[in-house]
Amino acid sequence: MTNKSEIIKTTCPFCLYGCTLPILETSRGSFIVRKIEYDVAAQINQGRLCARGNAATMILDDRQRLTSPLFKNKKIDWVIALSQIKHQLKDFSSKEIAITFDINNTLEDLDAIFNFANGLKVDTIARSYLEPETFFSYSLPDVKYAELKDIERGKVFLIIGDIFSKIPLLAKPILDAKYANRNNRLFYIDSLKTRVSGFANRFLWTRPGTEPLLILALIATMSKTAKSILGDKNFSNIRKVLPLILETCNISPDEIMEISKALSTISKGVIFAAMDYGKTDDPFLFSELAQLLSLIIPGDKTFCAPALTSIPVGKIRFSELIESINQGKTKVLINFGEIFPDYYPTVASKMNNLKFFVTTTTYLNNSSKPNWILPIPSILEKSGTIMTLWGKANIKPLAKPVNGSKSISEIIDKIAPDLESSSKMKVTEKTTFDIDTIIDRALNLIEQKRDTKDEMTILGEESAFGYRGIFTNDAKQLKISQINAQKLNLKQGDLVKLITNNIEKIFVANITNTVPTNVIAVPTDTPENRILFPMQIDNTTKDFIIAPAKGKLNKLI
Amino acid sequence: MEENQKYIFLDLDYCIGCRSCEAACRSAFSESRIRYGNITETVYMPVACRHCEEPLCAAACPFEVLKVTEQGLVLQASFHCVGCKSCILACPFGVLDKSLLNHVSQKCSECKDREEGPRCVASCASGALKFITKNEAKKTIVSQRFLSRSPFWRRT
């Protein structure tokens, strides 16, 4: 038996950093063995990969991969499935049909999906990717986005949120730049003491969900530039709320002044912003203020967020789609992607009102119960174009599509052949900055936070290592502070019951100093804990906000 | 022991605890052979086999499955391992995992099957793991900024 080896390279699609991901494929007779390789010559990542990239072979060969269409959870033939869907679609008018899509689509897939929507004259098309980072797609005009060279040459970095967990590969250029000179500075704002805090010259441990307020406080300290951009009146309004902000966040004025001074005096720098599922009360405010801060700080400062999301926003918001389903206007939903509805259990139940519901997926997951489940190739088996932080990148299939799957364009061809029209969707929404709305929202957030100091807050926490639960089973662990553990007479590893308005769940207690008093942190990398966090609709954007939850904890005896 | 034999070194100034090394090892060998722990709650420390000059794991092995090679590496002939866990108990650094995979203990081989060197080092997202000789290690700044505990370099 002869062995044939071949290295196949693609761009890693699991985040926006754009790493080169090579796989060594060895054929041994009819068997194929795949191993991850590390390409030292790769321009962006020099061979380095995070845990998600290392999971590529496991995702390709996962036993949970779906290999046949399902109708009401029973296997069905592709020909019957597609002809039935096509036939059933004819019974509904275009106003009763809705189409959704998520981030695991190439730009070519998205074009096919929009063509499909236009061909069917469907206007109810929405993004079914509901992660808080999508709020970064409300981009302010004039914001300068960081390139890799900006990070490498940077002298001062302000990180808001756990960027090392979102994009671990960013750590190398940031730390290299920080260590290059004794005067370089790294500042960090977060409500949990994460891995980034160990590297920061100053870590502002703010109260849960108050990160945007600290950004506003920083803006309030930069009088010259803030006045010229916002106007004297608006600036004095912000200045007035500064003491209130610092009191709400439990941060001393000296700490804010230290960061403000360094940000204003050191020339080159980058502002990083990241949000986790169930960690931010007002992601819109977070996104707008982080971008505004990058405009207001004097000197050459750029902005970098892990999801200046490359996927279009659609014609309506997902919350509007839910409303339309509740009102009975939308009767059919066709979803293209890999995440929805499994990763959003809170909204999945709303789909019961649909007459029929078709979704594509790569994994067999018992939590989702759409009528039709169609297996598609995973993003690692597709070719096409994806977006990265540094622009467009091509992906190549690392393996043949899993047996029994059909591509999105094949599915669309069979359901709705002979589509003619073609139009592209807008990728980001430029927003004009409205300072009154921002101040109102900030005051709301202050009000909301002032009265809740003694309640137990549940925060979501994500890490690259927890991706799809492949490398860890930490999903059953929750983090709790020593003070709260003492109150409940808890020991490390004790079983606890977490009770929220929605649900009761049993966890293993992990007593740690990385969460403040009255805060519980649970991992939200896999769908199972996501049900703890209720979804609210944001009044301005009509997007879903997945805010920290309230609840209480009991020791399980 | 050969002078040009390379070993895995850790630079604590760069380790962000992303566990990419562990993931790389696990994706290649089904079970990770590099352990992961932390010094403080924000300072992480992956621990790989030190390939001791007088390895206690090899001394404890009743079937001489673990041997020191001429290059100074401690390698395991997995085929002869009976899964008695003696090596696991003997390792003074706790690097060998308690669990067995297919009744065989899991021992780091510095990725002998890969010419370019260990996968954990190649994969290290922040560049904290280095694959260098002992002489090179003496000349390289490793974890000095961490050890200095100076706020100008790093807060711990």
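I looked up Ile458(A) and found that its bridge partner in E27(A) is Ala549(A). This is a predicted model, in which local features need pLDDT of at least 70 and side-chain atom pairs count only at pLDDT 80 or more, while totals for chains, interfaces and linings use all residues. Residues are numbered from 1 along each chain as its sequence is written, and chains are lettered from A and ligands numbered from 1 in the order in which they are written.

**Around E27(A)**

I noted that strand E20 (457-461) and strand E27 (549-555) of chain A pair in the antiparallel sense over 2 bridges. Two strands pair if DSSP finds at least two bridges between them. Strands (E, at least two residues) and helices (H or I, at least four) are DSSP runs, numbered from the N terminus. I then found strand E22 (495-500) of chain A, which is joined to E27(A) by 5 bridges and runs antiparallel to it. Here Leu498(A) stands opposite Leu553(A).

**A sheet of 7 strands**

Next I traced the open sheet E5-E4-E16-E15-E14-E6-E7 of chain A, where the pairing is mixed. Its edges are E5 (74-75) and E7 (124-127) of chain A, each with a single partner strand, so one side of each has no neighbour in the sheet. E4 (70-71) and E5 of chain A run antiparallel, joined by 2 bridges, and Leu70(A) stands opposite Lys75(A).

Which helices lie across these strands? Helix H3 (78-89) of chain A lies across E4, E6, E14, E15 and E16 of chain A, at about 135° to E16(A). Helix H13 (318-326) of chain A lies across E6 and E7 of chain A, at about 135° to E7(A).

**Chain A as a whole**

I counted up chain A: 17 helices and 27 strands. Its C-alpha trace spans about 70 × 60 × 55 Å along its principal axes. Of its 557 residues, 48% count as buried (20 or more other C-beta atoms within 10 Å of a residue's own, C-beta atoms being placed from the backbone).

I saw that chain B is divided into domain 1 (1-48 + 119-145) and domain 2 (52-107), with bounds from an automatic or database domain assignment. The C-alpha centres of the two domains lie 20 Å apart.

How many residues of chain B are in contact with chain A? I found 29, in contact with 33 residues of chain A; contact means C-beta atoms, placed from the backbone, within 7 Å. Helix H1 (20-29), strand E3 (43-47) and helix H4 (119-123) of chain B each supply at least two residues of this side. The largest share, 6 residues, comes from H1(B).

Technical notes: Contact = placed C-beta atoms within 7 Å. Buried ≥ 20, exposed ≤ 12 C-beta atoms within 10 Å, placed from the backbone. Axes fitted to C-alpha atoms, helices over the stretch in contact; angles between N-to-C directions.
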